[in-house]
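Hi everyone, thanks for making time for this. Please get the sequence and the model up on your screens, and we can walk through them together.

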Amino acid sequence: MTTAAPHDEVDLLIGKMKTAAAPLREVLRELHTRYAGLDEGKVADYIPELAKADRRCFGITIATTDGQVFEVGDSKQLFTIQSISKPFVYGLALEDHGLEHVLSKVGVEPTGEAFNAIVLDEASNRPFNPMVNAGAIATADLIKGKDFPERVGRLLSMFGKYCGREVYIDNSVFMSERLTGHRNRAIGHLMLNFGMVGEKIEDSLELYFQQCSVLVNCRDLALMGATLASGGINPITKVRAIPQPYVKYLLSIMLSCGMYDYAGEWAYRVGIPSKSGVGGGIVGVIPGHFGIGIFSPPLDAKGNSVRGIRVCQELSERYGLHAFESGFVGPSLVDLTTPVRPGR
Ligand code: DON
């Protein structure tokens, strides 16, 4: 009988202790192993700088409302937040102008169209919702500040509260989007033509390109989700990022419009208020429980991370995370965040 070398026994013990300590980490490790090999989708390249992303990158993080963080894979790899910025900037616009004024400028109806579709709600003279580019550009137009640097500073400070750290802009991605952002400029000027945005639309387009170029990692995304799951307070720093009454509006718009022309099927199958970005990120929110952050650059035809979608689907099905399920059974995933004490 071969006896295990001493260090193997130690490794084995550490492994067991880790699993005992945090079964959730083992679940995430298992999902990471399963989907790391899923090599489908295309890295975004319509913003040339984004095409440099490594398609093998893959990270998953869960942050709980009591401040625990479970992460696997490339969870510290920085990438640009892109459209995941939209619900959070929408929250700042609500703080700046209040609900009714913001609703008069940007609707809350899903379009069923792609994120960059040139469609506007001419009946109500506003873009359909703040998750599509038209609505996000109109939302950026609402962000207050005495000048452009102050407006950018307010955005960065807001994101910093959600992430629990100072965040920065990836200038190469910003410049790349600025140089190729013709479609967004067309949308911006079309809205100016209809009086849906102010004269300084070029400034607001720049602000929009800056917000999309903020650097985050999937640990940040999970904390941003956990902040919303905690009613607007960052569960680690205890800093409030948004007034509690506005959180429900962000979660509603994320569920109904966050995944664009996949939003209907997403709400049906996964049922987690979420937002995706062409940088390869997905943020998800389980109100009262935790935030999910996933990073994997290859995207499907609708601009959503392929591995990110599969991980969220599996987590939702396996642990009852669907918004209209957890009300009844409660997400059993929560049990996995509690370390198993020996002898229990
Ligand atoms: O405006 C754009 O096209 C990009 N800055 C953001 C688009 C995006 O992330 C769409 N998400 N899936």
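I'll go through the sheet, then some rings, and then a few single residues.

First, some ground rules. This is a predicted model, so to speak of local features we need pLDDT of at least 70, side-chain atom pairs count only at pLDDT 80 or more, and totals for chains, interfaces and linings use all residues. Residues are numbered from 1 along each chain as its sequence is written, and side-chain values use heavy atoms, with hydrogens and water left out.

Let's begin with the sheet. Which order do its strands follow? Five strands make an open sheet in the order β2-β1-β7-β6-β5, with antiparallel pairing. At the edges sit β2 (69-73) and β5 (274-276), each of them pairing on one side only. From one strand to the next, the twist averages 10°. Two terms need explaining here. Strands (E, at least two residues) and helices (H or I, at least four) are DSSP runs, numbered from the N terminus. Two strands pair if DSSP finds at least two bridges between them.

Now zoom in on two of those pairings. β1 and β2 are antiparallel over five bridges, and within that pairing Ile-62 has Phe-70 in β2 as its bridge partner. The two strands form a hairpin with four residues between them, and Gly-67 in the turn has a positive phi of about 90°. Further along, β6 (residues 281-286) pairs with β7 (residues 290-295), again in the antiparallel sense, over six bridges. There, Gly-284 has Ile-292 in β7 as its bridge partner.

What lies across these strands? Helix α10 (residues 218-229) lies across β1, β2, β6 and β7, running at about 155° to β7. For that angle, axes are lines fitted to C-alpha atoms, for helices over the stretch in contact, and angles run from 0 to 180 degrees between N-to-C directions. Contact means heavy atoms within 4.5 Å.

Is Asn-217 buried or exposed? Its relative accessibility is 8%, so Asn-217 counts as buried. The cut-offs are these: buried means under 20% relative accessible area, exposed over 50%, and partly exposed in between, with a 1.4 Å probe and protein chains only. A polar atom of the Asn-217 side chain lies 2.8 Å from the backbone nitrogen of Asp-220. Not counting residues up to four places away in sequence, Asn-217 touches Ser-75, Lys-76, Gln-77, Leu-78, Phe-79 and Arg-165.

On to the rings. A pair of aromatic rings is described by the distance of the centres and the angle of the planes. Rings of Phe, Tyr and Trp (its six-membered ring) pair if their centres lie within 6.5 Å; planes under 30 degrees apart count as stacked, over 60 as edge-to-face and the rest as tilted. How many aromatic pairs does the structure hold? There are six. One of them joins Tyr-46 and Phe-115, a tilted pair at 6.2 Å centre to centre with 40° between the planes. These partners are 69 residues apart: Tyr-46 is in the loop between α2 (23-36) and β1 (59-64), and Phe-115 is in the loop between α4 (99-105) and α5 (133-140). Tyr-46 counts as partly exposed because its relative accessibility is 41%, whereas Phe-115, at 12%, counts as buried.

Phe-115 has another partner, Tyr-260: the ring centres are 5.5 Å apart and the planes are at 50°, so this pair is tilted. Here the partners are 145 residues apart, with Tyr-260 in the loop between α11 (244-257) and α12 (263-269).

Tyr-260 is buried, with a relative accessible area of 6%, and has a positive phi of about 55° although it is not a glycine. Lys-238, in the loop between α10 and α11, also has a positive phi, near 65°, in a residue other than glycine. Lys-238 counts as exposed, because its relative accessibility is 54%.

One last stop: Gly-188, in helix α8 (residues 182-193). Gly-188 counts as buried, at 0% relative accessibility. Leaving aside neighbours within four places in sequence, Gly-188 is in contact with Ile-137, Val-197 and Ile-201.

How values were computed: A polar contact is a pair of N or O atoms within 3.5 Å; within protein, one must be able to donate a hydrogen and the other to accept it, and residues adjacent in sequence count only if both atoms are side-chain atoms.
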